[in-house]
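Dear colleague,

My findings follow directly after it.

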Amino acid sequence: MMRFDTITIFPEMFSALTEFGVTSRALKMQKAQLSLWNPRDYTTDTRRTVDDRAYGGGPGMVMMVAPLEGALDAIKQDVAVHHLIAGPTILLSPQGRLLNQALVDELGGHSQITLVCGRYEAVDQRFIERRVDFELSLGDFVVSGGEIPAMMLMDSLIRQIPGVLGDEQSAEQDSFKNGLLDCPHYTRPENYENFFVPDVLLGGHHAKITDWRRQQALMATQTRRPDLIEKARRNQWLSPSDEEFLREFEENSVKNKLS
Ligand code: 9D3
């Protein structure tokens with residue numbers, strides 16, 4: 001069982017996780033647990049204020065320390081009551097280290113994780129210094145707050161829990177685990193407005209199908225994510241026949257560029 005404690009002023013957003021698909025099923029099967037904590041519940045003023053203007057001026061509001069610490073103290077207490085080992089406290093933030101599969105695998109080793117979702121322009125730096133173990137970004141683009149990034153992280157962690165995915169679509173088979181992008185996929189009909197399914201997939205020759213899929217994955221990765229080909233080389237994930245195929249593919253792309 002993996003327990004997530006998430007601090008958010010928008011707890012209703014997490015129905016995306018609790019009400020749909022693989023994550024919903026995992027929570028119902030008690031493979032994972034999600035507890036939501038609203039900083040507004042840890043305010044003392046009648047307006048339940050969680051943000052204020054930035055010292056030094058500038059646009060946008062800053063999340064106040066006290067409501068965040070109040071929520072975090074309540075989590076720590078609840079985690080202790082349940083005799084769980086407290087895992088890291090992570091702030092979802094554009095300033096954080098970039099999430100990747102290696103970090104997802106590492107975080108999967110914890111039985112409890114606390115996620116803090118920022119809103120407004122920023123979180124008071126004193127909360128980060130006092131209570132946050134590390135900051136985590138989902139990528140170099142801007143979204144409106146930490147909630148959707150937190151949900152993405154939890155989705156990624158939940159699908160790794162043994163027994164959450166069926167044997168058929170096990171987490172081991174996921175792209176980024178074999179280090180390459182996925183090959184193209186097709187389903188019925190064979191002919192959709194004269195766009196045809198590749199013949200090799202209809203022939204029933206399983207060794208040929210496996211080779212074709214591997215080559216398609218190599219082509220897609222070389223074209224769109226050459227950095228992943230480099231990484232696969234470093235990790236010795238590529239066979240001599242993979243290397244031979246890539247050499248021919250590169251040779252042909254050079255020729256096509258010249259003509
Ligand atoms: C003007 C400076 N901006 C920071 C780069 C302002 C700002 C943008 C977005 C302040 C907060 C946010 C809210 N984003 C997140 O909390 C966030 C996020 C993101 O925007 N992109 C990728 N990953 C993440 S994790 C949390």
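**Ligand site and a helix pair**

In this predicted model, strand E5 (89-98) and strand E8 (134-137) each contribute at least two residues to the shell around the ligand. E5 accounts for the largest share of that shell, with four residues.

In total, 17 residues surround the ligand, and the closest are Glu121, Leu138, Gly139, Phe141 and Val143. Sorted by class, the shell comprises nine nonpolar, seven polar and one charged residues.

A polar backbone atom of Phe141 is 2.7 Å from a nitrogen atom of the ligand. For Val143, a backbone N or O atom lies 3.1 Å from an oxygen atom of the ligand. Gly146 likewise places a backbone N or O atom 3.4 Å from an oxygen atom of the ligand. On its own, the ligand has 570 Å² of accessible area, of which the protein covers 75%.

Helix H7 (residues 206-224) packs with helix H8 (residues 226-234) at an angle of about 115 degrees, and their axes are 5 Å apart. On the H7 side, the contact involves Leu218, Thr221, Gln222, Thr223 and Arg224; these meet Pro226, Leu228 and Ile229 in H8. By class, this contact of H7 with H8 has four nonpolar, three polar and one charged residues.

With kind regards

Technical notes. Residues are numbered from 1 along each chain as its sequence is written. This is a predicted model: local features need pLDDT of at least 70, side-chain atom pairs count only at pLDDT 80 or more; totals for chains, interfaces and linings use all residues. Side-chain values use heavy atoms; hydrogens and water are left out. Axes are lines fitted to C-alpha atoms, for helices over the stretch in contact, and angles run from 0 to 180 degrees between N-to-C directions. Contact means heavy atoms within 4.5 Å. Ala, Val, Leu, Ile, Met, Phe, Trp, Tyr, Cys and Pro count as nonpolar, Asp, Glu, Lys and Arg as charged, and the others, Gly among them, as polar. A residue is near a molecule or strand if one of its heavy atoms lies within 4 Å of it. A polar contact is a pair of N or O atoms within 3.5 Å; within protein, one must be able to donate a hydrogen and the other to accept it, and residues adjacent in sequence count only if both atoms are side-chain atoms. Accessible areas come from the Shrake-Rupley method with a 1.4 Å probe; for residues, only the protein chains shown count as cover.
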